[in-house]
Amino acid sequence: MAFELPPLPYANDALAPHISAETIEYHYGKHHQAYVNNLNNMLGDGEHGSLEDVILGASGGMFNNAAQVWNHTFYWNCLSPNGGGEPTGAVAEAINGAFGSFADFRTQFAQAAATQFGSGWAWLVDDGSGLKIMQTANADLPMKHDAKALLTIDVWEHAYYIDYRNARPSYIDTFMDKLVNWDHVAAGLAG
Ligand code: MN3
C-alpha cells in the first residue's frame, strides 16, 4: 500500500501574505510530494508497517524520505490562517510551567529556529519529563529521540526563500505572530 500526500488542511493561498501560494505550490506540491514519491519507490510493492514504523526502522535515504513525509504533514498542521500569538488554556499553562512565561518560550523557540545551522527543524516536544525545545538537522525528528512532537517550524531554505529570501528571522517572527496553530498543539498535548 503506497503512502499518499495528505491533503493540505487549508487552501494554497490561505496563509498569504505570510506564506504565499507560490511557496505552498513548491513546498507542498513539489518537495513534500517528492518525499512521498521517493519513499514509495524505495519501498516498492513489499509489505511495510505504518509511516512511523518505517521511520523508526529505517536509515539512510529511506529514513530521510519517510521522516520528511512525516515532518511536512506535521508542519502543515502547525500552521493556521488565523494562527499565531499567545496560546490559552492548557497550552498556556504547560508553556508557562516549563519555560516561566510565554515570552521566554517564544525567545527560546525562535532562537532554536534561527540558530539551527543549515537545513533542519525546531520543535516543541514532550520528552517524558516535560516540555522542551529541540533542534534537529535535515530530516531528523523527535520520535527518533523518544520525544513527542507538539510544534515544529521548518527552517530548510525551501520553507521561506520565496517569501523572505535570506531573512530566516523574519519568517520565524511571522510564524510565531501570525501562523502557529495552537489548537494543533493543544490536541497533541491532550493526546
Ligand atoms: Mn520543508
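This is a predicted model: local features need pLDDT of at least 70, side-chain atom pairs count only at pLDDT 80 or more; totals for chains, interfaces and linings use all residues.
Is Thr152 buried or exposed? Its relative accessible area is 0%, so Thr152 counts as buried, the cut-off being under 20%. A polar atom of the Thr152 side chain lies 2.9 Å from the backbone oxygen of Ala122. Leaving aside residues up to four places away in sequence, Thr152 touches a set of residues that includes Phe74, Tyr75 and Cys78, along with Phe109, Trp121, Trp123 and Phe175. Ala122 is also among the residues touched.

Next, the metal. Which residues supply the protein donors of the manganese ion? They are His27, His72 and His158, each through NE2, and Asp154 through OD. The donor distances run from 1.9 to 2.1 Å. Along the sequence the spacing reads H-x44-H-x81-D-x3-H.

Last item, a helix pair. Two packed helices are described by the angle between their axes and the distance between the axes. For helix H4, residues 89-99, and helix H5, residues 102-115, the axes come within 8 Å and cross at roughly 75 degrees. H4 and H5 are therefore roughly perpendicular. On the H4 side the contact is made by Ile95, Asn96 and Phe99, and on the H5 side by Phe102, Asp104, Phe105 and Gln108. By class, that gives four nonpolar residues, two polar and one charged.

Definitions and conventions: Residues are numbered from 1 along each chain as its sequence is written. Side-chain values use heavy atoms; hydrogens and water are left out. Donors are N, O and S atoms within 2.8 Å of the metal (3.2 Å for Na, K and Ca); water is not among the atoms, so sites may look incomplete. Buried means under 20% relative accessible area, exposed over 50%, partly exposed in between (1.4 Å probe, protein chains only). A polar contact is a pair of N or O atoms within 3.5 Å; within protein, one must be able to donate a hydrogen and the other to accept it, and residues adjacent in sequence count only if both atoms are side-chain atoms. Contact means heavy atoms within 4.5 Å. Axes are lines fitted to C-alpha atoms, for helices over the stretch in contact, and angles run from 0 to 180 degrees between N-to-C directions. Helices (H or I, at least four residues) and strands (E, at least two) are DSSP runs, numbered from the N terminus. Angles under 35 degrees count as roughly parallel, over 145 as roughly antiparallel, 65 to 115 as roughly perpendicular and the rest as oblique. Ala, Val, Leu, Ile, Met, Phe, Trp, Tyr, Cys and Pro count as nonpolar, Asp, Glu, Lys and Arg as charged, and the others, Gly among them, as polar.
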